[in-house]
Amino acid sequence: MLKLAIIGRPNVGKSTLFNRLAGRKLAIVDDQPGVTRDRRDLDIQFGDFEVRLMDTAGLEDAADGSLQARMRQGTERAVAEADVAFFMIDARSGLTSQDRNLAEILRQSPTPVIVVANKTEGRGEEGAYEAYELGLGDPVAISAEHGEGMADLYQALVETVEKHGIDPDKDEEEEPEFKPLRVAIVGRPNAGKSTLINKLLEEDRLLTGPEAGITRDSIEVDWVWNDGERDWPVALWDTAGMRKKAKVQDKLEKLSVGDTLRAVRFSEVTVLVIDATTPFEKQDLQIADFIEKEGRAAVVVVNKWDLVEDTDRAAKELRLDALRAFPQFGGVRVVFLSGLTGRHIDKLMPAIVDAYRDWNAKVKTSEFNNWLEGVIAHHPPPAVAGRRIKMRYGSQIKTRPPTFVIKCQRANEVPETYRRYLVNSIRESFDLEGTPVRVFLRAGDNPYADKAKRKH
């Protein structure tokens with residue numbers, strides 16, 4: 001697979017080109033410079049090439065230790081990993097001193113570079129000729145926004161691969177035996193989501209720091225976890241922190257939150273990361289409600305556990321708080337860890353896998369109806385207007401999450417409290433933790449009883 005990095009100073013259209021080559025809008029795009037902060041990877045087909053496309057943060061001069069400097073380090077790692085780099089400039093505004101400084105750095109890099117002059121629609125084509133001054137070969141004039149010049153860009157890539165003897169099929173990975181388990185990491189800003197993923201990966205893959213709201217895009221990172229018996233391919237989604245809706249005014253933050261919600265919908269298990277120093281705030285509960293509404297399995301991570309002093313007492317209290325705060329998930333699994341130090345991080349993936357298995361649980365119809373008989377005998381449905389409600393039979397109609405239908409008389413008159421009783425009893429009887437459980441009551445008679453009547 002050919003590794004291709006898109007680089008350049010901020011706001012030259014890197015994410016727009018990424019979306020164009022991807023064929024869909026994945027990276028957040030805005031006129032404001034510096035929108036992209038974390039590297040985003042995506043496997044695509046570009047002509048005859050299978051390509052791992054890397055969208056990177058804008059390269060700019062910055063003081064050591066600053067957010068921009070950390071963004072730059074991530075981009076430099078992407079260039080070092082890449083087989084080819086697309087160096088983008090803004091043809092409409094022309095070359096800047098920053099472009100020239102970056103070109104000087106790229107000339108010293110062993111990675112082959114293709115200069116891409118973007119925004120050449122209209123009057124921008126003249127600015128493309130300036131790119132010859134960079135000494136990096138013939139520029140390719142494109143308009144990423146309008147899809148112009150993509151054939152020329154592909155031809156330039158073909159020529160570069162042939163010229164430098166790059167093997168586009170090297171390190172070709174075998175298809176995994178299992179599909180990747182899709183896991184979204186969500187939570188409030190600065191809860192430690194990116195730090196947690198970096199510790200799992202054992203590398204500084206994602207941008208982190210004390211500043212809240214660093215992550216903007218939802219970034220997918222492929223990973224393999226071994227449970228001692230087999231490898232589990234995992235697609236980890238790092239997401240932007242979600243604040244209270246009333247506080248989300250900035251356009252970029254709205255786009256970031258929308259990207260996070262899509263990641264939850266895409267996921268199979270969602271990990272809700274909570275700050276141990278300020279646990280179970282209102283926003284945590286609202287995020288949990290959204291996870292349940294989308295029908296995803298859930299695991300709660302209480303992060304920054306290294307900052308808690310009396311851990312035994314705190315763990316007992318927080319487990320009880322989790323039961324009260326997240327009744328929609330029953331006994332949701334709670335993992336206490338430190339994404340910074342790695343303390344107890346080995347407990348996270350087993351909890352995720354267990355939640356995933358419960359999410360996919362199947363209950364035999366005979367077992368379900370035996371349960372239903374026992375439930376009705378122990379606590380029958382309440383009479384409504386002096387008339388009893390008879391529940392006849394039921395079955396599971398789907399998984400992901402477990403969903404059941406119960407046939408009964410006057411289904412729309414069953415009180416909500418009794419519906420919740422049925423859901424809680426299903427959880428307890430069939431050991432379904434950390435997953436939504438759906439129960440639908442439908443009017444209908446027992447078909448087996450009808451068959452018996454017809455025989456007589």
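**Charged pairs, one by one**

Author: Let's start with Asp 43, which is partly exposed at a relative accessible area of 40% (buried is under 20%, exposed over 50%, partly exposed in between; 1.4 Å probe, protein chains only). This is a predicted model, in which local features need pLDDT of at least 70 and side-chain atom pairs 80 or more, while totals for chains, interfaces and linings use all residues. Numbering runs from 1 along each chain as its sequence is written, and side-chain values use heavy atoms, without hydrogens or water.

The partner of Asp 43 is Arg 52: the two form a salt bridge whose closest N and O atoms are 2.7 Å apart (a side-chain nitrogen of Lys or Arg within 4 Å of a carboxyl oxygen of Asp or Glu). Arg 52 is also partly exposed, with 22% relative accessibility.

Next come Glu 281 and Arg 188, whose side chains meet in a salt bridge with an N to O distance of 3.4 Å. This pair links distant parts of the chain, 93 residues apart: Glu 281 lies in the loop between β10 and α8, Arg 188 in the loop between β7 and α6 (DSSP runs numbered from the N terminus: helices H or I, at least four residues; strands E, at least two). Arg 188 is buried, at 12% relative accessible area, whereas Glu 281 is partly exposed at 36%.

Asp 310 and Arg 313 form another salt bridge, at 3.4 Å from N to O. Both count as partly exposed, Asp 310 at 38% and Arg 313 at 46%. Elsewhere, shared partners join Arg 182, Glu 268 and Arg 400 into one salt-bridge network. Over the whole structure, the search finds 20 salt bridges.
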